[in-house]
Amino acid sequence: MKYALEFDHVWKKFKKGEKVNSLRDAIPHLFKRNNKNVSLQDLEFWAVKDISFNIEKGEVVGIMGANGAGKSTVLKLLSRILIPNKGSMKINGRVSALIEVTAGFHPDLTGRENVYLNATILGMRKKEIDGKFDEIVEFSGVREFIDTPVKRYSSGMFSRLGFSVAAHMNPDILLVDEVLSVGDISFQAKCAQKIRDLLSSGATIVLVSHQLDMMQSLCKRIILLQNGEVIKDGPTDQVIPHYQNIIFKQKEADLRNKMKAIEDQRVSVDTRTMVEITGVEFNQSYKLGEPIIFTLYYEAKEKIDNPIFWFGILRADGVLCCSSRTDKLGIKIDSIQGQGKVTIDLGKNLLAQGIYMVRFSIMDKEMIHPYVIRNKDVMRVDIEGPKSTSDAVFLPEIKWKF
Amino acid sequence: MIQMLKELIEYRDLIMMLTLRDLRVRYKQAAMGFLWAIFMPIVAICAGILIKKVMAVVAQHSLDTRGIISISVKVLPWTFFISSIRFSVQALIGNSSLVTKIYFPRAVLVLSTVLACLFDFSVAIAVLVVLLIIVKVGVCIYLLWLPLLLLLLILYTLGLGLLLSAANLFYRDIKYVVEIILMFGIFFTPVYYSAEAFGRWKAIMLLNPLGSILEEIDKVVVLHQMPDALWLIYAVLASSAVFIIGMMVFHKTEPYFAENI
C-alpha cells in the first residue's frame, strides 16, 4: 500500500525577530560577517522537530496541539508552501487546502469572476468549474449577488463563497484548518455534510482543529503535537485525553498565575484581619466518582460571633458550579476563636473534566462583611475515556431506558 | 528548467485567469477603458515629438515625419517593457496572501502580469497599425523578422521580470531602484533617437539588449531594411541568457518565498 503522505524526520526552523529584507540593511551586513553566525543562530528556533508519520490513502487524520505546537507549520509543509530544512516528505496525489479559503479573492471582481479565479488558484480546470459553477453558487447561498463585486459582500457571504469554492474541489488529499466555523448553524451543518461526502469519496483528509466534538466524530486517528514534536500518534480515543491534559495544564498554570496576582493585590490593601484562613487541604486532582473532601484551617485572632462559612467551586470560565453556606443549611456556629478546622465533604465527584477554582470565605452573621475570602485554590478533574468530551459541567450517572 | 516549464504549462488555466483578473481590475477601475492601453504610449510619443522638435530647431532643419514614425514604432515596445517590469516587481509582494497560503508555481504571477501588459501592447499595436497605414509606411519582406524580434522582447522582459520580482521579495527596496532606472531609462535607450546618431559609440547603446531589439524593429518596420546580423545574433543570445538566468534564479529562490515575504 502506497502512502498518501509521508513525513520522514522533517525539521523546519524559523527566525525570530526582524529580518534583513532591504538592500539598505543587507549592505552593512556584509561587513560584519564575523559575528553574524552567532547572532543568527540565537534567533533561530525549530518550529517542527524531527516529525515522522505516514498517512495512508483514504485515512482521516486530525492534528491537534496547543497554540504554537506547530500544527499550521505542518499543514504548510504538507501543502508545499514551505519546504523542510532537513528530512524529506512525499506527497502522492493532488493536494488542496481549505486553509485560507478567501485568499484568492479580489475585492473588485464580481462573485462569478472570483469563483472562477479562486477555483483555478486552488487547482481546478476551467472545464471542471463550468460544470460545478451552479452547484458552488447554490451551496454558498449568494446567488442573488453573484454579479456584485465581492467588496460589497458582508463578511459572512464572503467567507461562505470562499468555502463553497474550496469545498467543491475533488482532491486526493484535503487539508482543513479551522475553517468549518464559517457562517450560521445551517451553513455549518452543510459544511459538515460536505466533509462527510468527501470522506466517503475516499479522499485522504488532514484536519486541524480545536473542536473536540468534530475531531472525534470525523477522525479515526490523531497526531498530537507539542513544541514541534509528535508526542502521541494513535486512535482518537487514546490521544484526546493526552490533548486535554496539555490544555488543562496550561489553563491551570494560567489560572494560578492570575489568582496569585489577585491575591497579592488583596493582601497589600487589607492588612488588618480578624480571622485568617491559614490553609486548605485537598487533592490537587480528582477523577470521576472519587470522594472530594476539603479541610479548612483557620485562625481567629478575636472572638467572632455567629460567623457564616461559605464555599463555592467555579469553573475556569467563571461559571459557579456549586456553592454552600452554613446558615442556609441551618448550621449554627456560636462563635469561633483561636485555631480551628472545618471539613467540607462533597461526596463523590460528579464534575466534568476541567480546571476549577475553589473559593472559601468567612462572613459575619448578617452576610454584610466578609472577614476573609480565600481565592487561590485550584483543582483539576481528569476523566479518561470518551465520556468526557462535552462541555457539560456535571457528569452524573445517567441511565437511559427505552 | 524543463520541469519548471512543464509545470507552468500545467497551470495554464491559472495564468489565463490571473491575466484576466489583472485586465478586468485595470479596465474596471479606469473610466477610460481601452483608452488606458494607449494612454501611456500617446504621452510618450508626444514627449518624443517635442524632443525631436527641439533638436530640429537647434540643428536648424525641419521636423521629419520619418523620425516621428520611428519614435511611435519604438515607443510601444518600450512602454510594454517598462509597464511589465513595473508590475512584475510587485507581482509577488502584491499577492502575498496567495504566496503564503496556496501552492502553485509562483512564476505564474509574473507571467500573468506580463501577459496582461502584452494585451495592452496588442491593443496599442492595433491602433498603431491603422496609423501606419494612414501615413503609408508600406510593407516589405523584412517584416517577417518582426515576430522573432517581438519574441526576444518578451523573453527579455520576462527574464528581467522574474529576476526582479524575486529580488524585490528578499530586498524590498529593489522596487525604488527599479522605479528610478525605469524613469530615466528612456534616455539611455535609443527610443527618441537612433543609435546611429552616436557614430562610434553606437555599440554602447546597443549593448542593452532592449536597445538592439528596438533598433532592429525600427529597421524592419520603418526603414524596410534587413536587420543587422551581428546585433540580431547578439540580441538573441542576450535576451535568451537573461530569460534563462531569470528562470533559474526564480526557481532556486522559490521555496523560500513564503517565509521571507
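Helices (H or I, at least four residues) and strands (E, at least two) are taken as DSSP runs and numbered from the N terminus. The structure is a predicted model, in which local features need pLDDT of at least 70 and side-chain atom pairs count only at pLDDT 80 or more, whereas totals for chains, interfaces and linings use all residues. Residues are numbered from 1 along each chain as its sequence is written, and chains are lettered from A and ligands numbered from 1 in the order in which they are written.

Chain B contains twelve helices and zero strands. With the radius of gyration taken over C-alpha atoms, and the globule rule being 2.2 Å times the number of residues to the power 0.38, chain B has a radius of gyration of 19 Å, close to the 18 Å given by that rule for 261 residues, and is therefore as compact as a globular protein of that length. Along the principal axes, the C-alpha atoms of chain B fill a box of roughly 60 × 45 × 35 Å. A residue is called buried if 20 or more other C-beta atoms, placed from the backbone, lie within 10 Å of its own, exposed if 12 or fewer do, and partly exposed in between; by this criterion, buried residues make up 41% of the 261 residues in chain B. Two residues are in contact if their C-beta atoms, placed from the backbone, lie within 7 Å, and among contacts in chain B between residues at least 6 apart in sequence, 78% join residues at least 24 apart.

The contact between the two chains takes 28 residues from chain A and 24 residues from chain B. On the side of chain B that touches chain A, the elements giving two or more residues are α2 (12-29), α5 (96-101) and α12 (257-260), and the largest share, eight residues, comes from α2(B). This side of chain B divides into twelve nonpolar, four polar and eight charged residues, where Ala, Val, Leu, Ile, Met, Phe, Trp, Tyr, Cys and Pro count as nonpolar, Asp, Glu, Lys and Arg as charged, and the others, Gly among them, as polar.

In chain A, ten of the eleven residues of helix α4 (residues 111-121) are buried, so this helix is largely enclosed by the rest of the structure; the buried residues include A:Val115, A:Tyr116 and A:Leu117. Helix α4(A) is followed by A:Gly123, which has a positive phi near 110°. The axes of α4(A) and helix α5 (residues 126-140) of chain A come within 10 Å and cross at roughly 125°, the axes being lines fitted to C-alpha atoms, for helices over the stretch in contact, with angles running from 0 to 180 degrees between N-to-C directions. The two helices α4(A) and α5(A) are therefore oblique to each other, given that angles under 35 degrees count as roughly parallel, over 145 as roughly antiparallel, 65 to 115 as roughly perpendicular and the rest as oblique. At their contact, A:Val115, A:Tyr116, A:Ala119 and A:Thr120 in α4(A) meet A:Lys126, A:Ile129, A:Phe133 and A:Ile136 in α5(A), and these residues divide into six nonpolar, one polar and one charged.

Positive phi values also occur at residues other than glycine. A:Arg80, with phi near 65°, lies in the loop between α3 (71-78) and β4 (86-91) of chain A and is partly exposed, with 16 other C-beta atoms within 10 Å. B:His224, with phi of about 55°, lies in the loop between α10 (209-223) and α11 (229-253) of chain B.
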